[in-house]
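Me: Hi! Could you take me through this model, one question at a time?

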Amino acid sequence: MPTNGNEEKGPRTVEASEFEVKCLKLMDEVAERGEEIVITKNGQPLWRLLPYREAPRNPFGRDRDIVQIHGDLDEPIDVEWDAVTGRGFGQ
């Protein structure tokens with residue numbers, strides 16, 4: 001199949017007329033390889049055919065069933081800390 005001749009520099013390109021004839025085959029290739037194809041018309045890029053990917057999950061709350069909190073996180077501790085060194089006094 002024709003390509004743009006510089007796969008390292010950008011995605012593969014296919015003319016719209018070729019895409020029309022081979023669309024199902026090209027969609028399978030994109031799904032298998034995970035690489036996009038740019039579809040052109042009269043040499044101008046108009047569309048991108050991309051593989052479907054699930055959107056990343058929101059990281060907030062993802063460990064809610066794993067992490068357990070014991071005690072009060074806001075409760076003061078019995079150690080005085082030196083703000084400069086980050087160490088407790090007397091260590």
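**Fold and contacts**

Reply: Gladly: the protein's secondary structure comes to 1 helix and 3 strands, where helices (H or I, at least four residues) and strands (E, at least two) are DSSP runs, numbered from the N terminus. The model is predicted, so local features need pLDDT of at least 70 and side-chain atom pairs count only at pLDDT 80 or more, while totals for chains, interfaces and linings use all residues. Residues are numbered from 1 along each chain as its sequence is written, and side-chain values use heavy atoms, with hydrogens and water left out.

Me: Which pattern does the protein follow when read along the sequence?

Reply: Strand β1 covers residues 12–15, and helix α1 covers residues 16–33. Strand β2 takes in residues 37–41, and β3 takes in 44–49. Read along the sequence, the pattern is β-α-β-β.

Me: What percentage of the residues of the protein count as buried?

Reply: Buried means under 20% relative accessible area, exposed over 50%, and partly exposed in between (1.4 Å probe, protein chains only). The accessible surface comes to about 8300 Å², of which 51% belongs to carbon and sulfur atoms; these areas come from the Shrake-Rupley method with a 1.4 Å probe, and for residues only the protein chains shown count as cover. Of the 91 residues, the buried share is 14%.

Me: Which residues is Val30 in contact with, leaving aside its neighbours within four places in sequence?

Reply: Contact means heavy atoms within 4.5 Å. With neighbours within four places left aside, the contacts of Val30 are Glu35, Ile37, Leu49, Leu50 and Pro51.

Me: Is Thr40 buried or exposed?

Reply: Thr40 lies in strand β2. Leaving aside neighbours within four places in sequence, Thr40 is in contact with Thr13, Val14, Glu15, Ala16, Pro45 and Leu46. Its relative accessible area is 9%, so Thr40 is buried.

**Charged pairs and a loop residue**

Me: How many salt bridges does the count come to?

Reply: A salt bridge is a side-chain nitrogen of Lys or Arg within 4 Å of a carboxyl oxygen of Asp or Glu. One of them joins the side chains of Lys22 and Glu18 (3.6 Å, N to O); both residues lie in helix α1, 4 residues apart, about one turn of the helix. Lys22 is partly exposed at 29% relative accessibility, whereas Glu18 is buried at 14%. By this rule the count is 4.

Me: How many residues apart in sequence are the parts that Arg12 and Glu29 tie together?

Reply: The side chains of Arg12 and Glu29 meet in a salt bridge (2.7 Å, N to O). Arg12 lies in strand β1 and Glu29 in helix α1, so the pair ties together parts whose separation in sequence is 17 residues.

Me: Which residues are linked with Arg12 in a network of salt bridges?

Reply: Arg12 counts as buried at 14% relative accessibility, and Glu29 also counts as buried, at 12%. The network of salt bridges links Arg12 with Glu29 and Arg33.

Me: How far apart in space are Glu29 and Pro51, C-alpha to C-alpha?

Reply: Glu29 is found in helix α1. In sequence, Glu29 and Pro51 are 22 residues apart. In space, C-alpha to C-alpha, their separation is 9.3 Å.

Me: Where do Arg48 and Glu36 lie?

Reply: The side chains of Arg48 and Glu36 meet in a salt bridge (3.6 Å, N to O). The pair ties together parts that are 12 residues apart in sequence, because Arg48 lies in strand β3 and Glu36 in the loop between α1 and β2.

Me: What is the phi of Asn42?

Reply: Asn42 is found in the loop between β2 and β3, and at 72% relative accessibility Asn42 counts as exposed. Most residues other than glycine have a negative phi. Although Asn42 is not a glycine, its phi is positive, at about 55°.
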